[in-house]
Amino acid sequence: MKRFAQFILAATDGDGVALMFNGRRLHCRLMDCDAPELDQPGGIAARAYTREIVHGRCFWVKFFGRDRYGRTLVRVFLSPCQTLAERLIQAGHAWVYPPHARGLDHLRAVQARAARLGLGLWKDPNPVPPWAWRASHRPSRPSQRSRNTGGTVYRSTIRTHHRVSLSLGDAET
């Protein structure tokens, strides 16, 4: 994979940045870490920390394709030896992600040190990882066997949202 010098426009959240690439604004997700959601304890602090580091600066960025939500996956290099993900984990603003991935032992050691020192999200004795937070705060899906009232039924999946319009003529009697 090639590295490109990129101008970071903004921190969209703790583990997301917007950058310009070939004249297009890309919404990117950092590889190797998962920061709290903005509505989760620690989420605003994680975004502020990321913003403080990257906003309006140029960094080397390595691209890794797209995630299941269409975001471009990147590693942002603060120096030849340290990524933005590592710095977030070191300051206690993110977890190693995925938690059981191979090759991330160094980052797991950095995370353990941040937890031992009570940094960032580790000030809370039982911080909730973002993947658990998302699972417990996901909107419940409407029952597919619900009564048809002639309205619009929304059914969502992980990747897309489908809109299905039903009329009273389609109702079961």
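Contact here means heavy atoms within 4.5 Å. What you see is a predicted model. By that criterion, among contacts in the protein chain with a separation of 6 or more, 53% are made by residues 24 or more positions apart.

The secondary structure of the chain consists of 4 helices and 10 strands. Read from the N terminus, their order is β-β-β-β-α-β-β-β-α-β-α-α-β-β. Of the 173 residues in the protein chain, 36% are buried. The chain exposes about 11000 Å², and carbon and sulfur atoms supply 53% of that area.

A word on cysteines. The structure holds 0 disulfides. Cys 33 counts as buried because its relative accessibility is 0%, whereas Cys 81 counts as exposed because its value is 71%.

Let me now turn to helix H3, which covers residues 105-117. Its 13 residues should span 18 Å at 1.5 Å a residue, and the end C-alpha atoms are 19 Å apart, which agrees. Which residues of H3 are buried? They are Leu 107, Val 110, Gln 111 and Ala 114. Seen down the helix axis, these buried residues fall within an arc of 100 degrees, so they line one face of H3.

The buried residues of H3 pack against helix H2 (84-90) and strand S8 (95-96). The face turned away from the buried side carries the exposed residues Asp 105 and Arg 116. Finally, H3 is followed by Gly 118, whose phi is positive, near 70 degrees.

Definitions and conventions:
Residues are numbered from 1 along each chain as its sequence is written. This is a predicted model: local features need pLDDT of at least 70, side-chain atom pairs count only at pLDDT 80 or more; totals for chains, interfaces and linings use all residues. Side-chain values use heavy atoms; hydrogens and water are left out. A disulfide is a pair of cysteine sulfur atoms within 2.5 Å. Buried means under 20% relative accessible area, exposed over 50%, partly exposed in between (1.4 Å probe, protein chains only). Helices (H or I, at least four residues) and strands (E, at least two) are DSSP runs, numbered from the N terminus. Accessible areas come from the Shrake-Rupley method with a 1.4 Å probe; for residues, only the protein chains shown count as cover. The expected span of a helix is 1.5 Å times one less than its number of residues. The arc is that of the directions from the helix axis to the C-beta atoms.
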